[in-house]
Amino acid sequence: MSFLRRRSATPAGPDFDVLAMDPGDWPGNLGAGLLPAPDGTCQGVFLRYDLFGGRGTAMIIGNLPEGSPAREVAEGEVPFEVAQLLLALGNDEEVTVVGSEDMPVLQGDNLLIVRRLKLSEGRISCVQFDRSDGVLVTIAAWDRPITDDLYALLKPLPAELFQQG
């Protein structure tokens, strides 16, 4: 995806573009989390969308660059974003990955190969795709399917969203 590029060093935020839904386009609450490394670099960003109008987190979108420890999961273990979704929902049920399926999806003029993960908890939908800059995007949703329409809503968010002020 040619519009994605690495940013110059940004002391208070990620040094890569964060691909997600614009929070101004959605009602409800939005929370953002940065995963800092000991050297101060950003090892990932995840956004929690409360689309249920205050009744709990419905979707998490994560952006994890190459080398992020959050990307390292054992066989059958759920991605970081699914674990964060379960934590936000207060659900301590054990969930595992039971399969995956690769699907081609168009995002604008770009073709994505999306991995649709099948989980032991059927109310969780989860997809992943790799961006051209090496960042892994994972979308985990509670009690709603992830359809191809969602990919059209993804775009780089402004760096100012992640600045401390």
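Start by selecting phenylalanine 46: this residue is buried, with a relative accessible area of 11%. Buried here means under 20% relative accessible area, exposed means over 50%, and partly exposed is in between, using a 1.4 Å probe and protein chains only. Before you click on, note that this is a predicted model, where local features need pLDDT of at least 70, side-chain atom pairs count only at pLDDT 80 or more, and totals for chains, interfaces and linings use all residues. Residues are numbered from 1 along each chain as its sequence is written, and side-chain values use heavy atoms, with hydrogens and water left out.

**Stop one: the aromatic pairs**

A search of the whole structure turns up two aromatic pairs. Rings of Phe, Tyr and Trp (its six-membered ring) pair if their centres lie within 6.5 Å; planes under 30 degrees apart are stacked, over 60 edge-to-face, and the rest tilted.

Phenylalanine 46 belongs to strand S3 (residues 42–50) and phenylalanine 80 to helix H1 (residues 80–89), so the contact ties together parts 34 residues apart in sequence. For those labels, helices (H or I, at least four residues) and strands (E, at least two) are DSSP runs numbered from the N terminus. Phenylalanine 80 also counts as buried, at 17% relative accessibility.

Next, pick phenylalanine 129 and tyrosine 151. They form an edge-to-face pair too, 6.2 Å centre to centre with 70° between the planes. Phenylalanine 129 is in strand S7 (residues 124–130) and tyrosine 151 in helix H2 (residues 149–153), so parts 22 residues apart in sequence are tied together. Both are buried: phenylalanine 129 has a relative accessible area of 1%, and tyrosine 151 comes in at 0%.

**Stop two: strand S8**

Now select residues 136–142, which make up strand S8. Seven of its seven residues are buried, so S8 is largely enclosed by the rest of the structure. Colour one side by Leu136, Thr138, Ala140 and Trp142, and the other by Val137, Ile139 and Ala141: both faces are covered.

Show the neighbouring strands (two strands pair if DSSP finds at least two bridges between them). S4 (residues 59–64) pairs with S8 in the antiparallel sense over six bridges; look for isoleucine 60 opposite alanine 140. S7 and S8 also run antiparallel, joined by seven bridges, and aspartate 130 has leucine 136 as its bridge partner.

Finish at the hairpin that S7 and S8 form, with five residues between them. Zoom in on glycine 134 in the turn, where phi is positive at about 85°.
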